[in-house]
Amino acid sequence: MATAVPPIISPKEDLPPPLTSASEPPPLFDGTTRLYLAYHCPYAQRAWIARNCKGLQDKIKVVAIDLADRPAWYKEKVYPENKVPALEHNNQVKGESLDLVKYIDSNFDGPALLPDDSAKKQFAEELLAFSDGFNSAFFSCLRSKGDVSDEAAAAVDKIEAALGKFSDGPFFLGQFSLVDIAYVPFIERFQIFYSGIKKDDLAKGRPNLHKFIEEVNKVDAYTQTKLDPQFLLDQMKEKFGIA
């Protein structure tokens, strides 16, 4: 048995339905490279976007896991941490989303996800280090009542400032990079939540963020992973008990 693939805005490949506790495992460690993910998980979306950016759809197979009814074999035989994403490659399994984005960039062919410029590389590390703080502000905002919290507003303001550092493009390092991959799943959800629950516009008064959102929605590697906003909003409401 398997659950349905959720509504994806711009699917460009035939994606498999999520595997449940009743599903048999794939033929593990048979030489196939597999990316284990949940379609609605922002952390897994990072690795999924990186795979697409590198043009690895034929080399890294997507295996979707139903996190609400996950198979026992996933923890027992694939990834003891029992989380997504995880990457099965060369008879090993690696996890942690930011580590996986870097691993995919370093170990597979395709366009580089980081520029050679040393100043941009240094700024990339600073932004990646802040990503957990940004995500924490996002999740605290989800749980809070009333208006957007000062913590969340400050986190978004920091993103607005970061997006203005380089003038050679609308993204964090000018051109699309692994930094954008790290942030866009959460910016996407933050935007949906601001609009759908807080009745506020995340990008209002933030022209750099407005441009980022506009331009990132032209990046196929990202839009191929993007779920229907109403689906995500309903899922977030259910998870956080919001009426």
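Colleague: In which loop is Pro85 found?

Modeller: Pro85 is in the loop between helix H2 (72-78) and strand S3 (86-89). Helices (H or I, at least four residues) and strands (E, at least two) are DSSP runs, numbered from the N terminus. Before we go on: this is a predicted model, in which local features need pLDDT of at least 70 and side-chain atom pairs count only at pLDDT 80 or more, while totals for chains, interfaces and linings use all residues. Residues are numbered from 1 along each chain as its sequence is written, and side-chain values use heavy atoms, with hydrogens and water left out.

Colleague: What is the peptide bond from Val84 to Pro85?

Modeller: That bond is cis, with omega near 5 degrees.

Colleague: Next, backbone angles. What is the phi of Asn90, and is Asn90 buried or exposed?

Modeller: Burial is read from relative accessible area: buried means under 20%, exposed over 50%, and partly exposed in between (1.4 Å probe, protein chains only). Asn90 has phi near 55 degrees, a positive value in a residue other than glycine. Asn90 lies in the loop between S3 and strand S4 (92-95) and is exposed, at 58% relative accessible area. Glu96 also has a positive phi, near 70 degrees, and is not a glycine. Its place is the loop between S4 and helix H3 (97-107), where Glu96 is partly exposed at 40%.

Colleague: And Arg51: which residues is it in contact with?

Modeller: Contact means heavy atoms within 4.5 Å. Arg51, found in helix H1 (residues 42-53), is in contact with Glu13, Leu35, Leu56, Gln57, Ile60, Val62 and Ile104, leaving aside neighbours within four places in sequence. Arg51 counts as buried, at 1% relative accessibility.

Colleague: With which side chain does the side chain of Arg51 make a polar contact?

Modeller: A polar contact is a pair of N or O atoms within 3.5 Å; within protein, one must be able to donate a hydrogen and the other to accept it, and residues adjacent in sequence count only if both atoms are side-chain atoms. Here the partner is the side chain of Asn52, at 2.8 Å.

Colleague: How do I read a helix's length and bend? Where does H4 bend?

Modeller: The expected span is 1.5 Å times one less than the number of residues. Helix H4 (residues 118-143) has 26 residues and reaches 39 Å from its first C-alpha to its last, close to the 38 Å expected. A bend at a residue is the angle between axes fitted to the seven residues ending there and the seven starting there. H4 bends by about 35 degrees at Phe130. In H6, a kink of about 35 degrees lies at Val184, shortly before the proline Pro185.

Colleague: How many residues of H6 are buried?

Modeller: 17 of its 19 residues are buried, so H6 is largely enclosed by the rest of the structure.

Colleague: Last, the core. Which residues have the most contacts inside the largest nonpolar core?

Modeller: A nonpolar core is a set of buried Ala, Val, Leu, Ile, Met, Phe, Trp, Tyr and Cys residues joined through side-chain atoms within 4.5 Å. The largest one has 83 residues, and Phe134, Phe172, Tyr183, Ile187 and Phe212 have the most contacts inside it. Helix H6 (residues 178-196) gives the largest share of this core, twelve residues. Domain bounds come from an automatic or database domain assignment. Both domain 1 (1-113) and domain 2 (118-240) give residues to the core, so it lies between them. Phe172 touches residues including Phe123, Leu127, Tyr183, Ile187 and Phe212.
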